[in-house]
Every structure is written in structure tokens, then in C-alpha cells.
Amino acid sequence: MAGIFQRSLRLRTALRHLSPQSPLSWTVTGRHTPLDLHCPFLPSTSWQFAVCSRKLHTGADRPSPAAAPDRLPFSRITQEDLAFFRKILPGRAVTDPDLLESSNVDWLKSVKGSSELLLRPQTTEEVSQILKYCNSRNLAVNPQGGNTGLVGGSVPVYDEIILSTALMNNILTFDSISGILTCQAGCVLENLSLYLEDRDYIMPLDLGAKGSCHIGGNVATNAGGLRLLRYGSLRGTVLGLEVVLADGRVLDCLATLRKDNTGYDLKQLFIGSEGTLGVITSVSILCPRKPTSVNVVFLGCETFEQLLKTFQLSRGMLGEILSAFEFLDSECMRLLNTHLKLRNPISDCPFYVVIETSGSDSTHDGEKLHHFLEEAMTSSLVTDGTVATEDSKIKALWSMRERVTEALTHDGFTYKYDISLPVERIYQLVTDMREHLGDRAKSVVGYGHVGDGNLHLNVTSPAKDPALLAAIEPFVYEWTASCNGSISAEHGLGLKKRNYIYYSKPSLAVALMGNIKAMLDPKGILNPYKTLPDDLK
Ligand SMILES: O=C(O)CC[C@@H](O)C(=O)O
Ligand SMILES: [Zn+2]
């Protein structure tokens, strides 16, 4: 009783001042320590002639994830090819194996290619020349941004040429009246955020990997992140794209208009296509005004049901100022403590919530938040909490959520699942998986974007463990399909998940994807072995 009273008192004091109660002094750092190497090769064929008869949500008759794909019959790089690339990209056609090392492997260290050539164009014209040449020579290309993807989509599988957007990092225009930014694809998300913040705007997306990821990669993977609840997905905020097609033609759809109903919205094809349909070279994006008042609260809940009620309450009482509603479970907290030495800012609870409000009037926002927290506390939805209004403390609270991925990489080999579900079901999957795996897993954790119905289910083991993997899959996909969920909410399919697409898409949709691929990239040179399942033929 006394404990509860003290905790309530702490939250009440926090409410009175709307200021942080804990000395949140840990350092906020970036990512990540890598793990083991493995390449989950699956059988591959060509997708040029897509006819598919698979049924949605059936477990039988799926491609075996255990078999290795063959390298498709692309050409191999010759001295003449190298001479061409060196001529058009002086000093930027990299063949040094040491320099290639980090571009060949994903940051999880789970997929490793063997590319011998890294191209670093600076302009759209250079990308166009590269692709025109590769297409005519039948050379496969792996477009690469910040290489922060989690599904093996951003690294070569074999010897594909790596086409990096790292040197395409110029901001082209910014309109301070409309808030529309146009920039090259290789701009780092955090740099764009800093640029905009100086001008009283923000990017409509924010991710843990912001310090490394490129906006072109964000768009190519339709990255979601922490602000989606408030600002929506990139499918809404991206207004225009410039894309170089497989044969080198430049598709200029770099519109900067809010409204344009002149026929098909072709840019949508490239958003989330993971570099399989074209290389995004420039982006125009609608940016929100920078909120002048931001608050972050970190709360503890006894049950997931209470957490969901807290979410409902926050939507009702915080309304338009609610900008994020994220969660992590106590297992995540344990890993943050153990591996990153992050201290829990409140008392131990089974579930933790990060709520952010963003508005333009600190008094109004503070009052709303105050009433919401009082209600959440008096109706016993939350048992403890702390509030932050200052920048450094807001960052510290956010890091409890943003750094879970990093903590997991220290725990062991990590099997990652990024699942969309009806929000009331999302934690049931974690509970069922724990029960299903018993002591075969080291840790089974759940966290993610409650506000978007997006669960990150991660399972760790001391080392790569095929028996554990066989216990997780297809169990996790069957479970997801039984709720009409999506097996990839925001991370894409890449290399690792491509053959599971039928759990979330009807076979006709997959067949049409194959047709579109065949139309835009008839030789299949763009990011082969990714996104599309192997059985499209
Ligand atoms: O590592 C993961 O599973 C999730 C990463 C990212 O999408 C996040 O929301 O933190
Ligand atoms: Zn996420």
C-alpha cells in the first residue's frame, strides 16, 4: 500500500509541475553492436512471367525457407565495365575490399553479400548512366541508402553492384510557407530534421536510426517510425519523387503540390518497393510546423488491458496534441538495464508507455495532459509515471523506447518480427509465443507502436539456432494471418521475409506485383532476391 501511495504521490507531484521527477542523466547514443552472420537463402527464380495460383493464408505448399537460391544469370563485372564506371565516376567507383566490407553486410550482421564494386554517384544523371549501362550489360544492382534495414533488403546477396546514395545529399529547395522540402535521396534523416528545426519545421517521420538512415531509403521502404500516429505514413506526406528506372530513364514526378489528380499516382509504386522498381534520386515531402510545446510522459501499467484503456483515454482526452503512443514490456526494460545500463525512471511494472504530446500552447497542452494523467491515475489505469518537458529529459525518456533494438543486439542472435494486428490483439502474440517456445528462447520481448497497431516481437537465443527458428516460423505468420494482420508492418520484406508475402497478400495481388516488376525492370537487375517471392514465374 505504502509503495503504491508513494508512487501515486510521485505522479501527482509530477502532474503539479509537469516536470521530470527522476534525474534522467544517461547518455543518449546511437546504434548498435552487431551479432552473428547468416544468410537465409531461399530458392529463387525469375519473376518476369508472373502467374500465381497460391491462396491467401494457407500454410501448405509454401516455398521452403531452408533451401538456398541460385545466383540468377546476371553478367559478372569485367575490366571494361570497371573502366566505364571509373570514367563516369572518377574516384567514386570503389573496389577496395576493406571499403566494401561494411556495404556488403547489414547492420544486424545477418546477411552478407560479396559485391566487388561500390558506386557513389552524386547526381541523377550519373545514376541514369549507371543503370542504362547495367541494364544493357545485364549487371545486377543493389541500391543502398544508410543500410539500416532489418530484413536484409539493403545489401547484396551475391555480387550485385552496390549503388550508394551517400553522396547525393543536397537539400534542393525548402518553401517556408508551404513547408515543402525537396532534397536528394541520400540526405540523412537527422540532418534534414536539424535543417528544418532551424526553420521552425520538422520532418513528418522520426526513427531510432535517424542518425544513419537516408530519406531515399526511408521512402523506398515506406518507413513508419515514431510519429506516424500523428503525421501519417510517407504515402501521404511524400508529394513527389524523382526515380531512375532500370533502363536509365528518369521519371520526373517530383511534384510539390498538395493536390494532383491527373491520373495514376505513380510515385506510390516506388514508395515501399524496396528498390526493386527504380532508384529514388530525389524526394519532395510535406513537413509539419515545429511544435512549440512538447511533453513526454513515461508511465507504468499493470496489464496490457489497462495499457489499451490508457491509449483510448489518451485519444479522447489529449485529442489533437497526442503525437505518439509507444510501449515496451518489462522484458525490454530488463534488457535496457542489463545491456545498456539504462535505469528505469519509474518503479517496476509489467508494461511501460511513452506518450508524447506536441502542440503550440504550453499552458493549454499542460492542462490537457494534467487532466489526462489525473484521470488515468484515479481510474487506476497507470500505477506510476514521470513527465518531461525539457529537451534533454525528453530525449532520455525517448531513449528507453528507441534503444530497445540496440539492447536486443547485445542479448544474442535476434529473430525479428514486425507485425500489424488489431490493436487489442498485439500483446497476445507475445504471450502465446512465450508459451509456445518455453525455455527454447533466451528472451521473448514485445514493444512497438501501439497507436499504429504495430508490434515488434523479438526473440533472442545465445547463437543462431535453426531449431528455434523452426519453432517460431511459420507459427508467427500463421498466428498473424489468423487475425488478418500483416507480417511486415513497416520494415518491408527484403530478402528475409519475401517468401512469406502470401500470409498477408492475396495471390492475385502478388501476381500483379510480378507484372509491374516485369514491366519496369524486365531483366530483373534491380535489387534481385528481394521483396518478391521466389515462386513468381
Ligand atoms: O528492431 C526492431 O524490431 C524494431 C525497430 C524499429 O522499427 C522500432 O520501432 O524501434
Ligand atoms: Zn518500429
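Predicted model: local features only at pLDDT ≥ 70, side-chain atom pairs only at ≥ 80, totals over all residues.
Let me begin with strand E15, which covers residues 443–449: six of its seven residues are buried, so this strand is largely enclosed by the rest of the structure.

Which strands does E15 pair with? On the one hand there is strand E11, residues 322–329, which pairs with E15 in the antiparallel sense over two bridges, and if you look for Leu328 you will find that it stands opposite Tyr447 in E15. On the other hand there is E16, which runs antiparallel to E15 and is joined to it by seven bridges; here Val445 stands opposite Asn458. E15 and E16 form a hairpin with four residues between the strands, and in that hairpin Gly453 takes a positive phi near 65°.

Is E14 mostly covered or mostly open? Mostly covered, since seven of its eight residues, in the stretch 413–420, are buried.

Let me now step back to the whole chain for a moment. The protein has 18 helices and 16 strands, and buried residues make up 51% of its 537 residues. If we take the contacts with a separation of 6 or more, 77% of them are between residues 24 or more positions apart.

In one of them, five strands form an open sheet in the order E5-E6-E9-E7-E8, and the pairing is antiparallel. Its edge strands are E5, at 171–175, and E8, at 250–253, each of which pairs on one side only, while the twist averages 10° from one strand to the next. Within this sheet, five bridges join E6, residues 180–184, to E9, residues 279–286, and these two run antiparallel; as one example of the pairing, Gln184 stands opposite Ser282 in E9.

The other open sheet has four strands, in the order E1-E2-E4-E3, and its pairing is mixed. Strands E1, at 93–94, and E3, at 141–144, stand at the edges, each with a single partner strand, so one side of each is left without a neighbour in the sheet. The partner of E3 is E4, residues 161–164, and these two strands run parallel, joined by four bridges, with Ile161 in E4 as the bridge partner of Val141.

Turning to the helices, how do H10 and H12 pack? Helix H10, residues 304–318, and helix H12, residues 362–378, meet at an angle of about 150°, with their axes 10 Å apart, and that angle makes H10 roughly antiparallel to H12. The crossing is right-handed. From the H10 side, the residues that take part are Thr310, Leu313, Ser314, Met317 and Leu318, and they meet Lys368, Leu369, His371, Phe372, Glu375 and Ala376 in H12. The residues of this contact divide into six nonpolar, three polar and two charged.

I would also like you to find Ser330, which has its place in helix H11, residues 330–340. With 15 C-beta neighbours inside 10 Å, Ser330 counts as partly exposed. Leaving aside its neighbours within four places in sequence, Ser330 is in contact with Asp348, Cys349 and Pro350, and the C-alpha atoms of Ser330 and Cys349, which are 19 residues apart along the chain, are separated by 6.5 Å.

Finally, some details of the backbone. A cis peptide bond, with omega about 10°, joins Glu473 and Pro474, and Pro474 lies in the loop between helix H16, at 466–472, and helix H17, at 475–482. Further along, in the loop between H17 and helix H18, we come to Asn484, whose phi is near 55°, a positive value in a residue other than glycine. Tyr529, in the segment after H18, has a positive phi of about 75° although it is not a glycine either.

Conventions: Residues numbered from 1 in each chain as written. Chains lettered and ligands numbered in written order. Axes fitted to C-alpha atoms, helices over the stretch in contact; angles between N-to-C directions. Parallel < 35°, antiparallel > 145°, perpendicular 65-115°, else oblique. Left-handed = near helix turned anticlockwise from the far one by under 90°. Contact = placed C-beta atoms within 7 Å. Nonpolar A, V, L, I, M, F, W, Y, C, P; charged D, E, K, R; others polar. Pairing = 2+ DSSP bridges. Buried ≥ 20, exposed ≤ 12 C-beta atoms within 10 Å, placed from the backbone.
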